Amino acid sequence: MKRDWEISELQEHWTLQPGELVLLSNKNDENRLGFALLLKFFQYEGRFPESKNEIPRKCAAFVAEQIDIPVATFFKYFGYDENNRNIMYQRAQIRKFTGFRECTVADADKMTKWLRNNILPQGSTEEQVKAAAYKRFMELLIEPPERTRMERLVRSAVNTHDKLVFQRIMDNIPNAAIPWLDALLENKEERPADDETLNMSDLREEPGKANVKNLIREMDKLECLRQIRMPKNILTGLSPRMLSIYKQRVATEPLRELRRHPDRIKYPLLAIYCRLRTEEVTDTLVQMLFQITHGVDKHAENRAIKEYVADIKRVRGKPELLFRIAKAAVDNPDGTVRDVIFPVVGEQTLKDLVEEFKASGPYFAQQVLTRSAASHKHHYKRVFPKVLRVLDFQSKGPALKPLRKALKILTAKDQLDSKDLEKLPIDGVIDKDDRELVFNVDETGKKSVDENKYRVLLLRSLHKRTKTKEAWVPGANKFRNPDEDLPADFEENRSQYYADLELPIKPNELVSRLQAEMVGALTELNETIKANDQVKITPTGKIKLTPLKPQITPANLEKLGDELESRWPQTTILDVFKEAELRIGFTDEFYSVGTREVLDRDTIRKRLVIALHAIGTNAGLKRARADQKYADLKYITRRYVTRDAVRNAIRRVVNDIFKVRQTHIWGEGTTSCAADSKKFGSWDQNLMTEWHTRYGGRGVMIYWHVERKSTCIYSQLKQCSSSEVGAMIEGVLHHCTSMQVDKAYTDSHGQSEVAFAFSFLLGFELLPRLKGIRKEKLNSPGPGMAGNYPNLQPIMDKAINWQLIKEQYDEMVKCAVAIKTRTADAEAILRRFTKDNLSHPTYKAFLELGRALKTIFLCRYLTSEALRREIHEGLNVIENWNSVNSFIHFGQQSKIISNNLEDQELSMLCMHLLQVSLIYINTLMLQEVLSESSWSDRMTPEDWRGLNPLGYAHVTYGHFTCDMDKRIQLTAA
């Protein structure tokens, strides 16, 4: 049970009702208080406490005050022994009063079956299963069994569920696949020297950087996995989360342990691993193919630029030169160029014009393509046709029929003859701007397709089509058939899905509502814009916005920071992290990926604290191992530290921050968060690391969602080129904390018309800070209505096409449902709707809906200074969060030092866990100081506004020792 309770919560859950007071009438003081506390605890938890210390002192004091008995009476004199006849009698009274009964063997069997059928298929951890069991017992009015029996019940349900899942998979594994699975577990030392067959260790290897060598290696892995010929539907109906847990188990267990498992466990585990690994390797191959293609083009472009940069001379005054040339030619139509034109403009000027055109026009594109084609011919041609055959790209629709034909021709042979080249389609494969570049012209003027140039342009087109999900790869996950991204039962459950999103089923209702909002917002802005001295619209259609005035600097926050430093000087990050664990117990979210735990829980707990601290600070297990052996920490990390476990621990700490906050200090709970990213340097021999065009340098992006009081509720590791809009939506919907997000603040990169549309359909408000506000336009709510807003004429744009929104309403909602239900991630859905797929009718509808919503927002943004300040303050919070990252993640100059994708993500998540733990402890420290009137009385409104739990002046890196018995002195229980 949580330890910190607000007054409102105590009144709701711990107030004794008249009927309950009657039960206390015939008891002495000691038993009256004890009985009352047992009763209220049981009503809240659905079970009795294991010891009287499990009842929070604040709750005990609240109940004691109601019956006028000192709370010390309970903790000092009340004997709480389950075998005590008095306690047994009181429990029976409470069960009778609440309508509960004791759990029987039959009840336990039914619970095991219920957990097996309803909870475990979702991929829940043992702790989550136990929590679900307690909740179910409470719903059934059954007192749950005591703790050890409950643990046996949960383990029995888990084991039975595993057996059933494994048996189902085992029944579907072909006999021919068994020898292949056994071969994966063989040690290479036991094989003949010339045997190059891959084993499990090879399959576990990370792909590395995108190059031909690694591309061939990934094709070998895929060939090895496909040889097993596992049925495609072998995992149908099983939870992806549950399957990922099984896969993680195979990925971390040594080969010798995998070999020891009985066949009924070993083969299903290997089947799960191989099926999921096949999808991963297929996705990796697609990424590598297109990264190499892009790299070749970029390298060719850089070479071409280098050759031209010395020759480029920008020629100014081209219109005047054209006039002079034209006049000279008209005046002397029969003269030569040297006699007529050169004297007017100069021979060197014309040469400069030619060089400038070469460097910027089609000629430059031709040179880049020629160099790319040469690279393909001499280096990549030996492998790319094979990759295309292995991946077997698919597409639908008549518009992509030429692309399918071209792929079929190019993959049929490694070298095409003249007849094959004549069959290659141009329209529908090569972009219009590049069609002339693909041909070679002989001396007679006859055109013929250049095979190598065609391959380059085909790969460019294929990359574009794959990004927009028009083309896909069978057997992939990220690049799968787009039909699998959408909910298959949408038509059957259409009404329910609309109700879940709180949207009207009829599109006319939605359109009428939005039209009315647009008219109201535009009317208000039109009427107030003249009197608004902070916003001006120029005759040329530019918006000028006066910067916000600086707020008054808080007077006492620096002194408050000094007070923290004087009370808790030189507190180490490890001490802070350890204290958060001792108070919250977030290490309960970590469990072994194996079937059993040999170590005692206290040892696991301590090693987890040290390992998570070492990963989160980037100091490394060797440097920050405290009093533990490196091998022990490595074992704990491999068997216990998974991405899901760390995310669950973060969720637990964040929820506890919300619980312990005192509203008179921090205000009421907020429903808004800011979303933004920060670039971190990282090793580059992997597919995640990319060059960042804005910030420069190679690295990855970490996308944060931070609420108004500086607590980060979600984090994501992203590529530098990935969609910030997708990351923003993903975090708002799937952060898994107790916070309800209704508003999302972003900068200009986190917004677009499509983002406005999706945020509206998904039920939250997008509030961006627009960097290019001066260029923004307002759309008209209907044809001919722009004239209704004379003060806004310079920035009015075309009318919204409401008919298109009505026609595509169902399709738009279907995409929103896919994101909400996690049928597909936000980025996978958003990839369909980019400028490369502008002709898609649903994309056009999203743009129209987004323009309407953005117009409403812009009107509010320009009208309200309070809204602009709210957005600005929200984004400042995330800047503060980013500034602390380098303090927490201090090792290796904050660079992520791994090429393993999972290690990179764990580094990010552990840093997130450390930082929210710092906020948790700082919150308690600040509340303890501000509970004193000498401090609270001197706080000004500006101080309360600027109060922030992200300070770290009192925190140091210190020494790496972890004494689990030594605590930070805080008065909070």
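Leaving aside neighbours within four places in sequence, which residues is T637 in contact with? They are A611, I615 and L621. Contact here means heavy atoms within 4.5 Å.

This is a predicted model, in which local features need pLDDT of at least 70, side-chain atom pairs count only at pLDDT 80 or more, and totals for chains, interfaces and linings use all residues. Residues are numbered from 1 along each chain as its sequence is written, and side-chain values use heavy atoms, with hydrogens and water left out.

**View 1. T637 sits in helix α30.** The helix covers residues 630-640. Helices are DSSP runs (H or I, at least four residues), numbered from the N terminus. T637 has a relative accessible area of 16%, so T637 is buried (under 20% relative accessible area, with a 1.4 Å probe and protein chains only). A polar atom of the T637 side chain lies 2.8 Å from the backbone oxygen of L633.

**View 2. The largest cavity has a volume of about 40 Å³.** A cavity is a set of points on a 1 Å grid, over the protein atoms alone, where a 1.4 Å probe fits but cannot get out; lining residues have an atom within 4 Å of a point. Grid points are joined across faces, edges and corners, and the volume is the space filled by probe spheres set on the points. The lining consists of H376, F384, L388, L410, R455, L458 and L459. Helix α24 gives the most, with three residues. By class, five lining residues are nonpolar, one is polar and one is charged. Ala, Val, Leu, Ile, Met, Phe, Trp, Tyr, Cys and Pro count as nonpolar, Asp, Glu, Lys and Arg as charged, and the others, Gly among them, as polar.

**View 3. The second largest cavity has a volume of about 30 Å³.** W180, A183, L184, T197, L198, C224 and I228 line this cavity. Helix α10 (residues 178-184) supplies the largest share, three residues. Six of the lining residues are nonpolar, one is polar and none is charged.

**View 4. The largest nonpolar core has 163 residues.** Such a core is a set of buried Ala, Val, Leu, Ile, Met, Phe, Trp, Tyr and Cys residues joined through side-chain atoms within 4.5 Å. V646, I729, F758 and L913 have the most contacts inside this core. Helix α40 (residues 901-930) gives the most to this core, with 17 residues. Another core, of 81 residues, lies apart from this one and includes L184, I265, L391 and L457.

Technical notes
Helices (H or I, at least four residues) and strands (E, at least two) are DSSP runs, numbered from the N terminus. Buried means under 20% relative accessible area, exposed over 50%, partly exposed in between (1.4 Å probe, protein chains only). A polar contact is a pair of N or O atoms within 3.5 Å; within protein, one must be able to donate a hydrogen and the other to accept it, and residues adjacent in sequence count only if both atoms are side-chain atoms. On a 1 Å grid over the protein atoms alone, a cavity is a set of points where a 1.4 Å probe fits but cannot get out, and a pocket is an open set with protein on both sides within 12 Å along at least five of seven lines; lining residues have an atom within 4 Å of a point.
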